[in-house]
Amino acid sequence: MTHVLETGFEIIESDNPDDNVKVKGYNIINGELKLSSDGKLFESHNPARLKDCLGEFPLSTKEDVHDAIKAARNAFSTWSTTPAPTRGQIIGNMGRLLMQYKDDIVRVETREIGKTLKESAGSVQEAIDTCLFFQSEGRRLYGQTVNSELPDKELFTYRRPLGVCGIINACNFPAAVPFWKMIPAIMCGNTCVWKSPQDAPLLSFMLTRIMHESGLPNGVINLVHGKGSGAGQYLVDAVDEGLLNKISFTGSTSVGKMIGEVCGRNLVSASLELGGKNPLVIMPSANIENAVEGAYWAGFGTAGQRCTSLGNLIIHEEIYDEFVEKLMDKVRSTTIGDSMRNDGVLYGPMLSERYATDFLKTLEMCDSSGAIKLWGKGRITSENKPDNFLGIPEEGVYMWPHVYDNVTEDMACFHEEIFGPAITLVKATDFEHALYLANASPYGLSSAIYTNDRLEAYRFKTGIKAGMTGINNSTTGAEAHLPFGGVKGSGNGTRESGIWVIESYSYWHAVNDELSGKLQLAQMDVEEIDIEAADVDYSSLA
Ligand code: UN1
């Protein structure tokens, strides 16, 4: 099967991975396709079929990253003075092109990171929704007119772009998350250097080609590939070198703290979307069937590799046994496999071999915490596979679903994020205890409760410390026009999506216009109204 985009971008898929023609990928700097300055390359492999190599990409050097920043800096003055509605039109074109190419993009996403086709389609749709939302935001980008305390004087506020933004994202939502960042960034008039995720370079290359096909001027978005410890680090170092005005990062809390420190000491803006240990509470009044479905999807959809995936499943003791039994029936029958070749799989492989290695380490942590393992046997092999595994496990990087029981607050696995198909079960004695447990981890990204008691739902909503809360819903599935982000260890309080993200990519400029023809001093030349001077006659009330 051959897919050719109008950009001349050709992807050939075959049932035999040996036949697949590798894409020769490039950095895109000032609109030009560039190899790395030292010619070094790395490969992108399909985690469902490791022999399937999607392409070769430049392992960018410091020089390449600096070239990309230079291009973004040069493009800034023209782009930031381009009328915002025109910038919005180009963003609208991107949305329409993404719709046109959606099926191809979805297949590349599934092939590159192993998500099911349905989930990849969701991620691409989230990128489309973001473009369509911000197309019209280009016609708003409102400032305010403000009354002055002095006569014949006007006050205004304007949103101004920050400058050059460094964009670093994880590979699990390789279309949605970079678009959450770059679309509002360019809508506000900024330019960007995007360090693609190491495990999704082909998709990032394809998206950047499409952005240029949409009419984006050269240099507004510059793409560099490479590793976090290479190109990613060079981009962060550029903050210390005074070359960047913003970093937007989605990834681990430890890397986010490092980026926050670098940005902090340079007074440079940072948007940090970090880890989560998202709690889901199940109360006795809940519709148990719905709750089981929501918990199962939150824990094991996307092979648990969303930052909003379920962490601690907190179940009221009254329904604990019944709930766990129903949940385990589903867990035991989970269908796992390559969604490109099998219908009906709940989840596919890990995002890459690296994610698999990290996940296995967190399983060791769960085991040594003292939690009781109800289900799961690590990596799936031909000799060690669940009943509903489809295909040949050794072809890719597949994991069993894991459930740990008897988890308590004193255990490491109660507090640490597990990025993969594993959940931890925690027993609560009553609502107050459940809420306490839901707040007891160091994170505060997403959260959810299943209850049919309105007062409980209200108390959860007001008592939980989290950026996002689902009521009778799973912890995942935020929509593209609500603020996305967390509190505590999950971020620095910035938000993505909807109108709220604009705060993170612009600063407020206050302007006053003196029309009186003379110098009027604020606070000092303001007419004073003396309370004593007010001549009020109360005698009629007597
Ligand atoms: C992420 O995992 O970084 O809310 C993003 C959700 C998705 C986005 C997840 N819409 O689960």
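This is a predicted model: local features need pLDDT of at least 70, side-chain atom pairs count only at pLDDT 80 or more; totals for chains, interfaces and linings use all residues.

Tutor: Begin with strands. Helices (H or I, at least four residues) and strands (E, at least two) are DSSP runs, numbered from the N terminus. Two strands pair if DSSP finds at least two bridges between them.

Student: Over how many bridges do β9 and β24 pair?
Tutor: Nine, in the antiparallel sense. Strand β9 covers residues 153-161.

Student: Which strands make up the open sheet, and in what order?
Tutor: Three strands, in the order β8-β9-β24, with antiparallel pairing. The edge strands, β8 (144-147) and β24 (506-514), each pair on one side only.

Student: Now domains. Where do their bounds come from?
Tutor: From an automatic or database domain assignment. In this chain, domain 1 is 62-274 + 497-504, and domain 2 is 278-479. Their centres, taken over C-alpha atoms, are 31 Å apart.

Student: How many residues of each domain are in contact?
Tutor: Contact means heavy atoms within 4.5 Å. On that rule, 19 residues of domain 1 touch 22 residues of domain 2.

Student: What area is buried between the domains?
Tutor: Buried area is the accessible area (1.4 Å probe) that two parts lose on being put together, summed over both. Between domain 1 and domain 2 that is about 1,600 Å². Carbon and sulfur atoms give 56% of it.

Student: How many salt bridges cross the interface of domain 1 and domain 2?
Tutor: A salt bridge is a side-chain nitrogen of Lys or Arg within 4 Å of a carboxyl oxygen of Asp or Glu. The rule finds two across this interface. On the domain 1 side, α3 (102-113) and α4 (117-137) each supply at least two residues that touch domain 2. The largest share, five residues, comes from α3.

Student: How many are there in the whole structure?
Tutor: The search finds 21 salt bridges. R306 lies in the loop between α9 (288-300) and β16 (310-316), and E119 in helix α4, so the pair ties together parts 187 residues apart in sequence.

Note on methods: Residues are numbered from 1 along each chain as its sequence is written. Side-chain values use heavy atoms; hydrogens and water are left out.
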